[in-house]
Amino acid sequence: MSSHSDALWAHQFESFDQQRESTSLGMWLFIGQEIMFFGGLFAAYLVYRISNPLIFKVASSELSVLWGGINTAVLILSSFTMAMAVREAQLGRGKKTAIFLLLTLVLGLGFVGIKSIEYSSKFEHHLIPGQEFEWHPYNEQQVAAYEELKATTGYTEEFIQSRMELFFSIYFAMTGLHALHMLIGVGLIIWLLPRALRNEFNADYHNPVECFGLYWHFVDLVWIFLFPLLYLLGRNI
Amino acid sequence: MSASTDAIAQPKTNYLNATHGLKSWLLTTDHKRIGLLYLISVSIFFVLGGLFASLIRIELATPAGDLVEGNTYNRMFTAHGVIMIFFFLLPSIPAVLGNFLLPIMIGAKDVAFPKLNLASWYVYMAGGTFTMIAMVNGGIDTGWTFYTPFSSTFSNSQVMTAAIGIFITGFSSILTGLNFVVTIHRMRAPGMTWFRMPLFIWGMYATSVIMVLGTPVVAITILLLALERGLGFAIFDPARGGDPVLFQHLFWFYSHPAVYIMILPGMGVISEIIAAFSRKRIFGYRFVAYASIGIAILGFFVWGHHMFVTSQSIYSGIVFSVLTMLVAVPSAIKTFNWTATLFKGSVSLDTPMLYALGFIGLFTIGGLTGVMLATLGIDIHVHDTYFVVAHFHYVMVGGAILAYLAGIHFWWPKMFGRLYSAFWSKISAALVFIGFNLTFFPQFILGYLGMPRRYHTYPEEFQVLNVLSSAGASVLAVGFLLPAVYLTWSLLYGPKSSQNPWGATGLEWEVADSPPTTFNFDEIPVVTADAYDYTKKEAEVV
Amino acid sequence: MSSSSDSSHSLHIEPISTYLGILGALIVLTVVTVLVAYEDFGHLNDVVAVGLASTKATLVITFFMHARHATRAVKWTLALSIFFLVVMFVYILMDYYTRGLLDVFGK
C-alpha cells in the first residue's frame, strides 16, 4: 500500500472496506437525524394545516408556482449532477468529479438565488412574520377567495390575518431551514473541489464525496415534499 | 476491595502517560482520554447542579419564603433541572463510561470516528458555556421544560441564551450516539457476535438509537421556540392560532425517550456488576438484551403521559396511558432477571455491588410509581405535585446516578490502574442510599397530600416532612462528596491495581491492561465465548 | 486484509443511463405534481400530492442515494427513522383528530 493511501486510512479501521461501510452507515444515521429534525417541522405544519385548512389554501396562493417549480427542477438537476460526481469519484477521475461538483455548486447557488428573489417579494408585501405583518389580497382571484372565506366561515379579518401569519411563519421556518442546509452544502462543495482536483478520490477512498452526496440528495428530498405542501395548496379553488 | 496478592504487572506506557501536556489532552482522539475529559466536565456540572439542589432544600426547610424570593426560586429550580438533565444525566454514563469502555468491550482500537468524538466534547462544552452565560446573566425562570407561551412570549429571563446552549448540546449527544451505533455495528472484534456482547453494550446501543433519532426533534422544537421569541414568528402563540400543546408534543417526543437515554446505560452497568459479583452468567441474557431494545422503541410511544391535564384529547390520553404501562414489562424483565442472577450466586458485597443493589431497589420504586402516574385518574390528582418529583428522582438519582457511581467504582481500577479505599467507599454507598431515601420518600407523601412542585413557600403542616427531606439531602450530599475525596486520594496514593482486581469477565478485564494502552490491545483479540462465562472462569481457578 | 484490490467488492457503480432515467422520471413527476394540483380530487388532494412526492423521494433514495446496494444496517437505519417519523405524525394527529369528541369543555 502506498504511503498516500495510508494517510487516508484511519488507524482504528482494519480495512478500506470497513472504513467505507462505517462512514456510510454514519452518514445514513446523520440522515436519519435530519429526517427527524425536519420531521418536527412537518409535524407543526400538519397540525396547523388541519386546524386551518381554508386559510392555508388562500395563503398558499400567495406563493409563486413558477419560481417554486423552477427551483424544484434546479434541485433535481443538481441531485443528478451530484450523483454523477459520486460516480466519477468512484472511478477515480478527479477532473470529472470536480466538474460535476462545480455544476452542483452552480445549481445550488441558483436555487438560493431564486429563493432570495421570492423572499424579497414577501418582504415587499409585508409578509415577514413578526415584522409588521399585514396580508392583503393582491389580485382578483385572491380577493374573491378572501371574500368567500369570510362569507362561508364567518371568520373576522383579524382572525384571518393572524392565521396568515401562522402560515408564513411555518413557510419561512421550513424554507429558511432548507435554504440554510443548501448554503452549508455549498460550503462543503467548496471544501471538496480542491480535493477532487488533487485526485484524492478513487474506488477505495471516496467517502467524503459519497457522504456529501447523501447529504445533498437529502436536502433535495426535503424540497420535494415542501414544494407541493407549501406552494400547491388551493390551486384548484 | 479484594487486594490481589499476585505480582502487579502494569504496562509502562499506557494511555495516561503516552503523551504529555495540556495540548495532548485537548486535541486527543483517544476515546479513553475523551471519556476522562467528559468525566471532568460532568463532575463540574454535577457539583453546580447539586449546589442549586442544596439551595432549594435550604429554602424549603421552613414554610415561609425566607431565603430567596419566588422569582429567584424559579431560577434556582430551573438551573438545577437544566444542568442536571442536559449537562449531567444525559452525558454521564454514555459519554464517560461509554466512551471509555465501549471500544474496549467489543475489542476495537477506538470508536469509528475519533475526531467526531472529540468534536462532540467541544460541542458539549460550547453548549454548556452558553447555558452558563444564561445563568450568570440572571438565569431562566421557565423550568427545564421551557413550556410555551410563557417561555416564548412572557418570560423576562435569559431564555434565548439557554435555548441556544441546549440546542448546541443536543448535537453533542447526536454525535456520540451516531459514533457508538457505527462502532457497535462495524468495529466488533472477530468472534464478538451480537449475542456475545456484554449487556452494557446492548444498553449503549439502545441509548444511542434514541440519541440519534430523538434529539433532533427537541432541537427543532427549541429552534422554533427561538424563532418565536427572537423574531416574533407565530408558531406556538395561541393569540395567532398556534397551539402551546404542540410544543409539549414535540418537546416530550424527545424528552420522554431522553429518560431512557439516562436509564438504559445504567441498566447496562448494573447487568455487568450483578454478573461479576454473583459470579454467574446473567439469567436470561437474551431477554435482558431484547428488553433494552424494547424499552428504546416503546419509549417513543408514551410521551403523551406528560400531558394528561392539558387539552390533549382524552382518547389520546387513554392510548398513552396503556402504552406507558407496557414499558413496565421490559423494565420488569430486567429487574427479575437481575434478582434471578443473584439467586444461588456466590455474592460478594463490594462497593460497586452495594450501589448496584441500591439501584435495583430504588429503580423498582421509581418504576412502580411510574405505573401509578400512568393511570389517568391518579395522575390528575398528583400531577405537578411532589409525588411526581419524588418519582422521577427515584428513577434519575436512585436509578441513573447510582448506576453511574456503581460503574465508576467498578471500572475505576481499569481507568486509572489504582485501587481506592474499600471502607470509605462502602460508607459512601450506605450514606447515598440512606440519604437518598430520606430526601425523596417524604416527597411521595407530600405530593400525595397535595403539595405542588415549584413553589418556594408551603403551608405549615407540610414542614415536618420537608425538614426530613432537607435533612436527607445533607446526608446525600456527604455521600456524594466522599467519593470525590477518596477517589482523588486513590489517583495520587492508591495502591496499584492488577489487570483484573474483581476477577470479572470481559475483554476490558481479561485482555486489556490496567490502565489500557493507547490502542487498547497489542493485537485485536478473537472472542470465542459468550459474555459472563463465569462457570468456566471458576473451573480454571480450581 | 490490507491490500486495496480486494477491498472494493462492496462497491457498485451505476451506469450513467440509470441516473439519466431517474432524472427524467423526476422531472416528469414534478410536472405531473404541478398539473394535478389544479385538479380537484376532493379529500384525495393531499393523498395525491404526498403520494407523488413520496414516489419521487423513493426514486432519489433508491438510486441516487444507492440505498438498494446499501448494507443491512443502513436499510435498518432508514426504516427506523421513517418509522419514528410516522409514529410522531400519527400520535400527534391522533390527539388533534379526537379532541372535542366528548362534548365536555376542555376534553
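Modeller: First, a definition: helices (H or I, at least four residues) and strands (E, at least two) are DSSP runs, numbered from the N terminus. Note too that this is a predicted model.

Colleague: Read along the sequence, what pattern does chain A follow?
Modeller: The secondary structure of chain A comes to 8 helices and 0 strands. Along the sequence, that reads α-α-α-α-α-α-α-α.

Colleague: Is chain A a compact globule or more spread out?
Modeller: The C-alpha trace of chain A spans about 75 × 30 × 30 Å along its principal axes. The globule rule gives 18 Å for 237 residues. The radius of gyration of chain A is 22 Å, well over that, so chain A is more spread out than a compact globule.

Colleague: What percentage of the 237 residues of chain A count as buried?
Modeller: Buried here needs 20 or more other C-beta atoms within 10 Å of the residue's own. By that cut-off, the buried part of chain A is 51%.

Colleague: Of the contacts in chain A between residues at least 6 apart in sequence, what percentage join residues at least 24 apart?
Modeller: A contact needs C-beta atoms within 7 Å. Among the contacts in question, the share joining residues at least 24 apart is 82%.

Colleague: Are H7(A) and H8(A) roughly parallel or roughly antiparallel?
Modeller: H7(A) covers residues 157-197 and H8(A) residues 207-231. Their axes lie 10 Å apart, at an angle of about 155 degrees. Angles over 145 degrees count as roughly antiparallel. The two helices are therefore roughly antiparallel.

Colleague: Which helix gives the most to the side of chain C that touches chain A?
Modeller: Here 42 residues of chain C are in contact with 43 residues of chain A. Helices H1 (16-37), H2 (45-64) and H3 (72-98) of chain C each supply at least two residues of the chain C side. That side has 28 nonpolar, 10 polar and 4 charged residues. With 14 residues, the helix that gives the most is H3(C).

Colleague: How many residues of the side of chain C that touches chain B are nonpolar?
Modeller: This contact takes 16 residues from chain C and 14 residues from chain B. On the chain C side, 3 are polar, 3 are charged and the nonpolar number 10.

Terms used. Residues are numbered from 1 along each chain as its sequence is written. Chains are lettered from A and ligands numbered from 1 in the order in which they are written. This is a predicted model: local features need pLDDT of at least 70, side-chain atom pairs count only at pLDDT 80 or more; totals for chains, interfaces and linings use all residues. Two residues are in contact if their C-beta atoms, placed from the backbone, lie within 7 Å. Ala, Val, Leu, Ile, Met, Phe, Trp, Tyr, Cys and Pro count as nonpolar, Asp, Glu, Lys and Arg as charged, and the others, Gly among them, as polar. The radius of gyration is taken over C-alpha atoms; the globule rule is 2.2 Å times the number of residues to the power 0.38. A residue is buried if 20 or more other C-beta atoms lie within 10 Å of its own, exposed if 12 or fewer, and partly exposed in between; C-beta atoms are placed from the backbone. Axes are lines fitted to C-alpha atoms, for helices over the stretch in contact, and angles run from 0 to 180 degrees between N-to-C directions. Angles under 35 degrees count as roughly parallel, over 145 as roughly antiparallel, 65 to 115 as roughly perpendicular and the rest as oblique.
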